[in-house]
Each structure stands twice: as C-alpha cells, then as structure tokens.
Amino acid sequence: MTPPTPRHERGLVRPYVVTDGRAHPTRNTFDLVTLVLAQYDRPLTGLSPEKRRLMELCLGGPLSVAEIAGHLMLPVSVTKVLLGDLVDSGHLITRAPIPSAQLPEAQILQEVLDGLRARL
Amino acid sequence: MDSALASEPAPDGDLYLRRTVSTAAKLLVVGHFAVGKTTFVGSLSEIRPLRTEETMTQAGASVDDLAGIEGKTTTTVAMDFGRLTLSDSLVLYLFGAPGQQRFTRLWQDMTHGALGALVLADTRRLEQSFDVMGLLEELGLPYAVAVNHFDGAPVYPEEEIREALDLLPETPLVTCDARDRVSSTRALISLVEYLQRRTVVREHV
C-alpha cells in the first residue's frame with residue numbers, strides 16, 4: 001500500500017495517520033464522559049506529536065473524553081485510540097463516569113436537581 | 001424579560017474539572033436543525049461550548065479522511081456539548097445533536113448512559129420533532145419537551161401543542177428561551193424532576 005501523501009488542509013492531519021491506521025482503541029472502556037487524569041511521572045519523550053499534545057492538555061487537570069476531543073479538534077473515535085495507547089503506556093488513568101460503588105440513579109438525579117436549583 | 005444573558009463570565013482557569021469530581025452525569029439536548037440546541041447548551045455551559053465532528057463515509061467507517069472530502073459521499077456528524085459543575089463531586093454534561101445521526105457511533109456514544117433528553121421544539125415546525133422523539137422512544141430514553149420561544153413564532157395553548165406532538169399525559173411540556181440561562185435551567189429542572197418521578201414509580205411497582 002502506498003502511504004498517503006501528508007496534506008494539511010483545514011490544519012488537520014488525516015486521522016488514520018494519527019492512529020497508525022487503527023479505527024478502534026486498544027480497550028473499549030471510554031465513554032464520552034469518562035474522566036481522564038494524567039500521571040505526572042511519565043516522560044513525554046518518544047510520543048507522537050498528537051499524543052504529546054494530548055498529554056500537554058491533560059497535564060493541566062482532569063477532563064472528560066469528549067472535552068479532550070473538543071479541545072484537540074480531533075474526532076472522538078481518533079481521540080479514543082490515542083487515549084487507549086496512553087493508558088496502556090501508563091501516561092493516563094481513567095475514572096469511570098459513575099463510581100464503582102454504583103450510585104443509585106435516584107441519588108444522582110437528586111444531586112443533579114439540587115445542583116440545578118442552586119443555580120437559579 | 002428578566003434576562004440572565006452574559007451573566008457570570010467564565011473565570012480564567014475553569015477549563016479543567018475540579019479534582020474532587022467523581023461522578024459525571026449526561027443529559028441530551030436534541031431536536032431538529034436550527035431549533036436552538038447550540039444556543040441552549042451555550043447558555044448553560046460553564047466552559048466555552050465545544051464541538052466535535054466526525055466525517056464518515058456512506059459505509060459508516062468511523063475513521064475517515066478529513067482532508068479533501070469534496071466530491072466524496074461523506075456525512076459530517078457534529079455534536080456540541082457543554083459542562084456544568086453541580087457540586088464538588090458531580091459534573092453534568094449536556095450533549096446536543098440532531099437525531100438524523102442515529103446510526104452513527106457518535107450518537108451511540110452520546111446516548112449511552114444518558115439519564116434522559118430534552119427535546120427542543122419550534123412551534124413553526126412542530127412536525128419536525130417527530131423524528132427525534134420516535135428515536136428516543138425506540139431507545140427507551142425518557143424525555144421532556146421544551147418549546148424554544150422564537151420572536152414572532154406563533155404561541156399556542158399547551159393543549160394544542162401536546163396534541164400536535166402527540167405527547168403522553170405524563171411527558172412534561174415547558175416553554176423556554178434558549179438564550180436565557182435561567183429559563184434554560186428551568187427547562188432542565190422540569191426534565192430532571194420528571195426523571196425522578198419515573199424512578200420513584202419504578203421503584204414502587
């Protein structure tokens with residue numbers, strides 16, 4: 001297969017170049033609102049420019065998968081592939097959107113309602 | 001009107017979540033083209049609303065060439081979203097997208113784990129809301145309807161709108177101004193109150 005010629009229209013690298021041609025992440029654990037936290041003790045040397053950019057964003061503080069995709073202006077599917085690699089390499093850890101103790105939905109709804117009412 | 005426009009300018013440094021946040025809840029804001037989804041999300045979000053796009057081929061491949069799409073059979077799938085930190089431990093994400101994206105992975109991602117949906121409607125084009133309402137019903141995702149008031153749009157009695165949209169008696173119907181933070185917050189509260197009533201009923205059956 002002939003490698004695609006790099007183009008920079010719209011300032012975007014072709015997504016499959018960013019992900020080395022992969023359409024799926026190495027793990028299937030990313031929800032749009034999965035919380036992502038950077039590990040501070042991992043070197044950024046050797047990371048691809050996109051992964052480095054992702055790490056630089058995440059080193060500032062916790063963000064959701066959707067926010068990372070939005071800030072980096074990458075499709076969610078591509079972002080998930082990059083996140084999967086960075087979790088595998090120990091650069092990132094994730095926190096499920098709902099804690100493992102599985103809060104009952106009724107409790108979450110009450111907290112959402114309280115939070116919204118407090119904003120009025 | 002008591003307007004909350006441009007109140008609470010986003011302070012610097014609130015790009016990131018509080019480190020104490022442990023739970024992320026998800027609500028959808030759906031409706032047809034130009035019904036005000038992006039405006040609604042923007043009124044409520046504490047961060048500058050973000051947008052992600054995926055370009056997909058007709059075959060539905062999830063990763064496709066974003067460059068040089070001209071002349072190809074591609075669809076751009078877009079989603080706008082915003083964030084509200086509701087407490088030290090809880091954050092709420094609002095995802096806005098049109099319903100015609102139903103077969104895409106982005107739509108699946110968006111609906112997965114969502115507590116419910118707010119359907120925005122426009123009295124000038126009520127029939128255009130059927131598509132997305134049917135889709136939510138297929139998914140079993142509970143929803144409330146908020147008529148987004150547009151200047152100059154006809155105002156109908158609630159009963160007529162209910163009938164036109166063929167709403168179940170328990171489905172909440174409210175009016176809102178998507179540009180107004182307080183009005184939009186009230187519409188979301190109506191939705192969450194409804195979700196809560198349903199949970200109580202389910203737990204006592």
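Guide: We will look at a pair of helices and then at one residue in a loop.

Guide: This is a predicted model, in which local features need pLDDT of at least 70, side-chain atom pairs count only at pLDDT 80 or more, and totals for chains, interfaces and linings use all residues. Residues are numbered from 1 along each chain as its sequence is written, while chains are lettered from A and ligands numbered from 1 in the order in which they are written.

Visitor: Why are α2(A) and α3(A) called oblique to each other?

Guide: Helix α2 (residues 49–58) and helix α3 (residues 65–72) of chain A pack at an angle of about 120°. Angles under 35 degrees count as roughly parallel, over 145 as roughly antiparallel, 65 to 115 as roughly perpendicular and the rest as oblique, and α2(A) and α3(A) are therefore oblique.

Visitor: Which residues of α2(A) and α3(A) make the contact?

Guide: On α2(A) they are A:Arg53, A:Leu54, A:Leu57 and A:Cys58, and on α3(A) they are A:Ile68, A:His71 and A:Leu72, where contact means that C-beta atoms, placed from the backbone, lie within 7 Å.

Visitor: What makes B:Ser87 partly exposed?

Guide: B:Ser87, in the loop between β3 (74–85) and β4 (90–97) of chain B, has 16 other C-beta atoms within 10 Å. A residue is buried if 20 or more lie within that distance, exposed if 12 or fewer, and partly exposed in between, so B:Ser87 counts as partly exposed.

Visitor: What does B:Ser87 touch, not counting residues up to four places away in sequence?

Guide: B:Ser87 touches A:Glu111 and A:Gly115.

Definitions and conventions. Axes are lines fitted to C-alpha atoms, for helices over the stretch in contact, and angles run from 0 to 180 degrees between N-to-C directions. Helices (H or I, at least four residues) and strands (E, at least two) are DSSP runs, numbered from the N terminus. Two residues are in contact if their C-beta atoms, placed from the backbone, lie within 7 Å.
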